[in-house]
Amino acid sequence: MPKTTTILEVFVSCPSDLVEERRLLEEVITEFNLTSGVDNNVQLQLLAWETHTHPGLGDDAQDVINQQIGDSYDIFIGMMWGRFGSPTIRSQSGTQEEFERAFARFKNAGGAVQIMFYVKDAPLPPSHIEPQQLEKVQLFKQELSQSYGGLYQQFTTAEDC
């Protein structure tokens, strides 16, 4: 018998130093879809620039990502650790720009997108320490709390998320 399933699109945004966490998020979503999702007729679809964009033209690479991912996803998951990311022509990093787009939608469309932000609080390998990047991460955490009225979750290992 046919059934109706609600599909919720989940956009994940983070700099390049959280590969393991992104992989684990894919596993969690797959497990949810096979268990609770089936029971509740809900499926999560993970959107990521690596899988949901293709070569294209725009003002810069981030603009191409923005155009192709769009602004219709239901859940925004942002993550940071030791890297803030690379600047775009519109923001200090691609991750910050993606967050700002989601936040604008949240404010202007009455909470049309659920925003969750996670910050890894674990030691960095010495070869990965970039003081300027770490400073930007710290400033962004403050901005999340003070300017955006947000609450972020800290975690130590990928399994803690």
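**View 1. The contacts of Phe140 in a predicted model.** Phe140 touches Met80, Phe84, Gln96, Phe99 and Phe117, leaving aside residues up to four places away in sequence; contact here means heavy atoms within 4.5 Å. This is a predicted model, where local features need pLDDT of at least 70 and side-chain atom pairs count only at pLDDT 80 or more, while totals for chains, interfaces and linings use all residues. Residues are numbered from 1 along each chain as its sequence is written, and side-chain values use heavy atoms, with hydrogens and water left out. You can find Phe140 in helix α6 (residues 131–146). Helices (H or I, at least four residues) and strands (E, at least two) are DSSP runs, numbered from the N terminus. Is Phe140 buried or exposed? Phe140 counts as buried because its relative accessibility is 2%; buried means under 20% relative accessible area, exposed over 50%, and partly exposed in between (1.4 Å probe, protein chains only). Phe140 and Phe84 are 56 residues apart along the chain, and their C-alpha atoms are separated by 8.4 Å.

View 2. Five strands form an open sheet in the order β2-β1-β3-β4-β5, with parallel pairing. Strands β2 (42–47) and β5 (153–155) stand at the edges with a single partner strand each, so one side of each has no neighbour in the sheet. On average, neighbouring strands of this sheet are turned by 25° against each other, direction ignored. Angles run from 0 to 180 degrees between N-to-C directions, and axes are lines fitted to C-alpha atoms, for helices over the stretch in contact.

**View 3. Strand partners within the sheet.** Two strands pair if DSSP finds at least two bridges between them. Strand β1 runs parallel to β2, joined by six bridges, and Ile7 has Gln43 in β2 as its bridge partner. Four bridges join β1 to β3, also in parallel, and here Val12 has Ile77 in β3 as its bridge partner. Strand β3 (residues 75–80) pairs in the parallel sense with β4 (residues 114–120) over six bridges. Look for Gly78, which stands opposite Phe117 in β4. Helix α5 (residues 94–108) packs on the sheet, where it touches β1 (6–13), β3 and β4, and its direction makes about 150° with that of β4.

**View 4. Helix α4 meets helix α5.** Helix α4 (residues 61–69) packs with α5 at an angle of about 35°, and their axes are 11 Å apart. Leaving aside residues up to four places away in sequence, Gln62 touches Thr88, Arg90, Gly94, Glu97 and Glu98.

**View 5. Asn41 and its phi angle.** Asn41 sits in the loop between α2 (36–40) and β2. Although Asn41 is not a glycine, its phi is positive, about 55°. Most residues other than glycine have a negative phi. Asn41 is partly exposed, with a relative accessible area of 28%.

**View 6. The buried residues of helix α1.** In α1, the buried residues are Glu21, Arg22, Leu24, Leu25, Ile29 and Asn33.
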